[in-house]
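Here is a short tour for someone meeting this structure for the first time. Please keep the view open beside the text as you read the points in turn.

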Amino acid sequence: MADPAFSEGRGRRARAMAAELGEDVPGLIGLLLLLGVVGMALLAPWIAPHDPAAQSVLARLAPPAWLARGDPAHLLGTDALGRDVLSRIIWGARATLLVGVAVVLLSGSFGVLVGLVAGYAGGRTDAVLMRLVDIQVSFPGVLLILLIVSVVGPSLLTIVVVLAITNWMIYARLVRGTVLSLRSAPYVEAAEIVGCGPVRILWRHILPNLVSPLLTVAILEFTNVVLAEAAISFLGLGVQPPATSWGLDVASGRDYVFVAWWLVTFPGLAIAVTVLGVNLFAGWLRVTTDPREREKRFGWSRAARALAGRAQ
């Protein structure tokens with residue numbers, strides 16, 4: 001049975017964070033944009049007005065509904081095959097978000113594990129693991145992605161695995177540097193003295209101190225993964241028809257950019273809005289989860305209130 005005091009404390013912290021988010025307008029806007037994109041992806045079967053793969057030659061290249069010759073049945077127009085652009089954007093959110101989340105989870109888990117082992121073990125283990133990181137970083141990321149995808153073949157699973165392989169190093173370096181600084185902390189040394197094993201020390205005493213930087217890096221890396229997936233799909237090596245993603249939609253409309261601008265504009269705006277929302281929310285999350293940044297924000301707010309009181 002849950003402790004009532006613990007549950008009350010968690011509820012109080014959640015309300016405090018919600019109040020802070022309400023005062024941070026950019027962070028709140030970012031969260032609302034993210035919730036909108038996630039909700040669009042989850043509710044795609046119910047809110048998409050048409051089948052994203054349904055073709056109609058008679059309706060091809062129809063402009064958005066508010067332009068001349070626009071069809072109210074196709075709010076954002078149709079593509080060269082008569083497919084509804086709005087429906088493809090709604091369904092494309094699923095592939096784009098799935099790739100972003102899966103890559104962050106895979107690359108983050110592996111990178112954190114490598115960084116923990118390298119930073120805590122030190123010595124030869126640290127040297128070997130960091131040299132592997134240096135070797136991985138030395139390869140051009142885009143070239144490596146294109147090479148592997150070209151050899152293995154394009155698919156959603158291939159994109160996830162390849163992007164995870166090329167993105168784990170940043171987590172490893174971040175975690176390794178933090179663990180090195182915490183390795184000699186008094187509470188870690190005290191845990192070693194009382195007989196705690198390395199796994200317990202890493203899990204209970206070091207890893208909680210990595211939550212704030214890891215959350216920030218993971219969210220920002222999510223935006224990089226979304227852009228990378230869009231670029232790979234744009235080159236024809238990502239998501240393959242009849243499935244859809246925003247990058248694939250941009251690639252499909254590039255040959256009609258001067259006669260049907262909406263084919264490139266609206267999927268591109270979807271990518272831009274998602275990346276903007278993630279960056280805005282990451283800025284608020286970084287400040288909220290970092291005690292030093294919270295102290296700075298508290299000091300600034302106190303100073304602003306004091307100045308306002310003197311002005312009155």
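1. A definition to begin with: a residue is called buried under 20% relative accessible area, exposed over 50%, and partly exposed in between, using a 1.4 Å probe and protein chains only. By that rule Trp-168 is buried, because its relative accessible area is 9%.

2. A word on the source. This is a predicted model, in which local features need pLDDT of at least 70 and side-chain atom pairs count only at pLDDT 80 or more, while totals for chains, interfaces and linings use all residues. Residues are numbered from 1 along each chain as its sequence is written, and side-chain values use heavy atoms, with hydrogens and water left out.

3. Confidence comes next. The pLDDT score is the predictor's confidence in each residue, from 0 to 100. For the protein chain the mean is 80, and 85% of residues reach 70 or more.

4. Now the overall build. Helices (DSSP runs of H or I, at least four residues) and strands (E, at least two) are numbered from the N terminus. The protein chain has 14 helices and zero strands. Of its 312 residues, 41% are buried. A contact means heavy atoms within 4.5 Å; among contacts with a separation of 6 or more, 69% join residues 24 or more positions apart.

5. Look next at the outside. Accessible areas come from the Shrake-Rupley method with a 1.4 Å probe, and for residues only the protein chains shown count as cover. The protein chain exposes about 17,200 Å², with carbon and sulfur atoms supplying 69% of it.

6. One surface feature is a nonpolar patch of Val-38, Leu-42, Leu-43, Trp-46 and Ile-47, with about 540 Å² of accessible area together. Patches take residues with over 30% relative accessible area and no salt bridge, joining like charges within 9 Å and nonpolar side chains (Val, Leu, Ile, Met, Phe, Trp, Tyr) within 5 Å. A salt bridge is a side-chain nitrogen of Lys or Arg within 4 Å of a carboxyl oxygen of Asp or Glu. Helix H2 (25-42) and helix H3 (44-47) each supply at least two residues of the patch. Ile-47, in helix H3, is partly exposed at 40% relative accessible area.

7. How is Gly-27 placed, buried or exposed? Gly-27, in helix H2, is buried, with a relative accessible area of 1%. It touches Leu-21, Leu-280, Phe-281 and Trp-284, not counting residues up to four places away in sequence. The C-alpha atoms of Gly-27 and Phe-281 are 4.5 Å apart, although 254 residues separate the two along the chain.

8. Rings of Phe, Tyr and Trp (its six-membered ring) pair if their centres lie within 6.5 Å; planes under 30 degrees apart count as stacked, over 60 as edge-to-face, and the rest as tilted. The count is four aromatic pairs. Phe-110 and Trp-168 are edge-to-face, because their ring centres lie 5.1 Å apart with planes at 75°. Phe-110 lies in helix H4 (residues 85-121) and Trp-168 in the loop between helix H7 (156-165) and helix H8 (169-182), so the pair ties together parts 58 residues apart in sequence. Trp-261 and Phe-266 form a tilted pair, 5.7 Å centre to centre with 50° between the planes.
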